[in-house]
Amino acid sequence: MARRKHLWPLFLLPVAAVLALVLLAPKRPGLAPEPPGVANAPRVADLGGRGRSLPKTDAPAGNTAPEMPAGNERPPGPEPEGGEPPVEEPASSAREIDIYLSQLAHATRVNDARGRSLAHTALRRCRPGELVDERVLAALETEPGAAVRAEFFAAFHAEAARLQWALRALDRRAGKFLGTDRNYDPGESDELALLARCFLGTGREPDLPPAVWAFVRNALQTEQPDWALSVVIARLAPADRARTTGEAEYAPPDALCKSVELELRQLLERATAPWEQREQAFTAWALTFAGTAGLFTALEAPALRPYLATLLDLCHQPRDKGWQAAGWLRFVTGDHDALRGAVQNVLAGDADTAAKQLLIQRLGLAASFPHRRALLEAGLQRKDANLGDYLAAWGRVVESEADLKLLSEAADSADPGVAGGAIQGLSACGYPMHAAANAELRRLVEQGKNPGVQSQALGAVLAGLPNAGEKEKLVDRYLGPEFDATVRAVAVGHIAAANTERMKQVGESDPSPRVRQAALTRLGEMKDKKLRPYFLKVANNDPQPLIRQQAKKYADELKD
């Protein structure tokens, strides 16, 4: 029998070797035992620059002198009030500032928004500010590009330096500010508007320099250049201008607007500037009156009657237009009778239809005006040329079945203007008559005798449906051949944008050219290159030359 070999000593040999190396290895200094008294002493946490050394436990008795701080440690004592003191930016050299300005110019020329932001941030951190303004001024003197100059202008540190450059530009380029020199470089009008906002300031007292007053009066008198008129009117009627000090108390006339009262009135009477700018100018002009009597008397002039709608909107329509804010001309709110008399005189007088139409629309929106319903009822009874406008506004005051019946009967009128106004009124009905008005609109679509009225009613119904599934079902229903082509064309306009296959089908198979063209127009507005084969197909196969020409135009626009 063979003798059994024992292998366990082979496993113990490596373990024994490791233990021998550990025991015989020299001790490292970091592992030396600490002296008595220090091992149990409290330690200072690693607080970086805010750590403090603790006194040694083995210091001689009576020696209370603090140990000097080492490294970034602060001396002992209370923390400075307000936390860490602000870190002063190191002074920048002129060359460094010039480099940042050149980077800003390059980023502007290549339209690099991130590069512009980084350059502006670097320039804001440069110190001292006087040196920055000096280098910016030098760069502005030699820069030919208007867009780059505008960015340089924004890099000024001091407002005084910014104003100095703006006034210098007004003196040097007076012709371009006054509109006598129309040779503007690319982006120069935007730069001039930026400079004008600077030298016009934000105060309310008329303490502007003579050259600036000449610019203001020229813009109001000539309405040129276009950008200048916008800047001046925004300065005269800012959005944050609080006009009253109480619910029905009128503040004194505005001194700045009073200085150009004549120019503002002439601008309103000429009525050649865009309507939105004239509304803003009216707001500034209204600030020149010391009370309601003078304002309403002035509004009796035929040329100023249209601005009564603006006054009504300012007082009773909270919609924000940028230049309109809560509190503006709130004094009129307390004088309801005077405002009602002015509105009634215009609506019952010989004013033109367009002026009355705008006033009626604003009257319908003036939810807080207590005489709104009475004025609309009087207009409905007159049955004048603005009857459709009164019906459209009446929908906003409908409160009962009788009010709704008035609109339902008018919707069956043979007069398209009256029927269209009634449909607009039905679609404007709110709670609690919204459901009943919607049912009446559907009845008009199904049973209406006038295809134009049917199509308007269908558009109102589909526009008011929030449920996409229900809307799709109605669209499919009214695309049926039993409905008039005008109705089907409206239904095409409400096909879901993602359902291009349905639009293609209608554009190829509907017997009416009007409906096919409506589908083709919707597809063409998508600017989708995948639709080019479809446009080519229609351009070759549709029997109508106009539709073929339109399809070819869309196909050519999508060429690679």
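Student: Why is arginine 149 called buried?

Tutor: This is a predicted model. A residue counts as buried when its relative accessible area is under 20%. Arginine 149 has a relative accessible area of 9%, and therefore it is buried. Its place is in helix H5, residues 146–154.

Student: Which residues are in contact with arginine 149, leaving aside its neighbours within four places in sequence?

Tutor: They are Leu140, Glu143, Pro144, Arg173, Glu188 and Glu191. Glutamate 191 is 42 residues from arginine 149 in sequence, yet their C-alpha atoms are 7.5 Å apart in space.

Student: What makes the pair of arginine 149 and proline 144 a polar contact?

Tutor: The limit for such a pair of N or O atoms is 3.5 Å. A polar atom of the arginine 149 side chain lies 3.0 Å from the backbone oxygen of proline 144, which is within that limit.

Student: How do you know whether glutamine 454 is buried or exposed?

Tutor: The cut-off for buried is again under 20%. Glutamine 454 has 11% relative accessibility, so it counts as buried. This residue belongs to helix H23, residues 451–463. A polar atom of its side chain lies 3.3 Å from the backbone oxygen of glycine 448. Not counting residues up to four places away in sequence, glutamine 454 touches Leu444, Val445, Glu446, Gly448 and Val487.

Student: Why are H23 and helix H24 called roughly antiparallel?

Tutor: H24 comprises residues 468–478, and it packs with H23 at an angle of about 160°, the axes being 10 Å apart. Angles over 145 degrees count as roughly antiparallel, so H23 is roughly antiparallel to H24. The crossing of the two helices is left-handed.

Student: Which residues of H23 and H24 meet?

Tutor: Leu458, Val461 and Leu462 in H23 meet Lys471, Leu474, Val475 and Tyr478 in H24. By class, this contact has 6 nonpolar residues, no polar ones and 1 charged.

Student: Why are H9 and H12 described as roughly parallel?

Tutor: The axes of H9, residues 210–222, and H12, residues 261–270, cross at roughly 20° and come within 8 Å. Angles under 35 degrees count as roughly parallel, and H9 and H12 are therefore roughly parallel to each other. Their crossing is left-handed. In this contact, Arg217, Leu220 and Gln221 of H9 meet Glu263, Leu264, Leu267 and Arg270 of H12. These residues divide into 3 nonpolar, 1 polar and 3 charged.

Student: Why is alanine 271 called partly exposed?

Tutor: Partly exposed lies between the buried cut-off of under 20% and the exposed cut-off of over 50%. Alanine 271 has 38% relative accessibility, so it counts as partly exposed. It lies in the loop between H12 and H13. Its phi is positive, about 60°, although alanine 271 is not a glycine. Most residues other than glycine have a negative phi.

Student: How do you know whether lysine 383 is buried or exposed?

Tutor: The cut-off for exposed is over 50%. At 63% relative accessibility, lysine 383 therefore counts as exposed. It lies in the loop between helix H18 (372–382) and helix H19 (387–394). Lysine 383 has a positive phi, near 50°.

Student: How many helices and strands are there in the protein?

Tutor: There are 29 helices and 0 strands. Of the 560 residues in the protein, 41% are buried.

Terms used. Residues numbered from 1 in each chain as written. Predicted model: local features only at pLDDT ≥ 70, side-chain atom pairs only at ≥ 80, totals over all residues. Heavy atoms only, no water. Axes fitted to C-alpha atoms, helices over the stretch in contact; angles between N-to-C directions. Helix = DSSP H or I, 4+ residues; strand = E, 2+ residues; numbered from the N terminus. Parallel < 35°, antiparallel > 145°, perpendicular 65-115°, else oblique. Left-handed = near helix turned anticlockwise from the far one by under 90°. Contact = heavy atoms within 4.5 Å. Nonpolar A, V, L, I, M, F, W, Y, C, P; charged D, E, K, R; others polar. Buried < 20%, exposed > 50% of the residue type's maximum accessible area, 1.4 Å probe, protein only. Polar contact = N/O pair within 3.5 Å; in protein donor to acceptor, adjacent residues only side chain to side chain.
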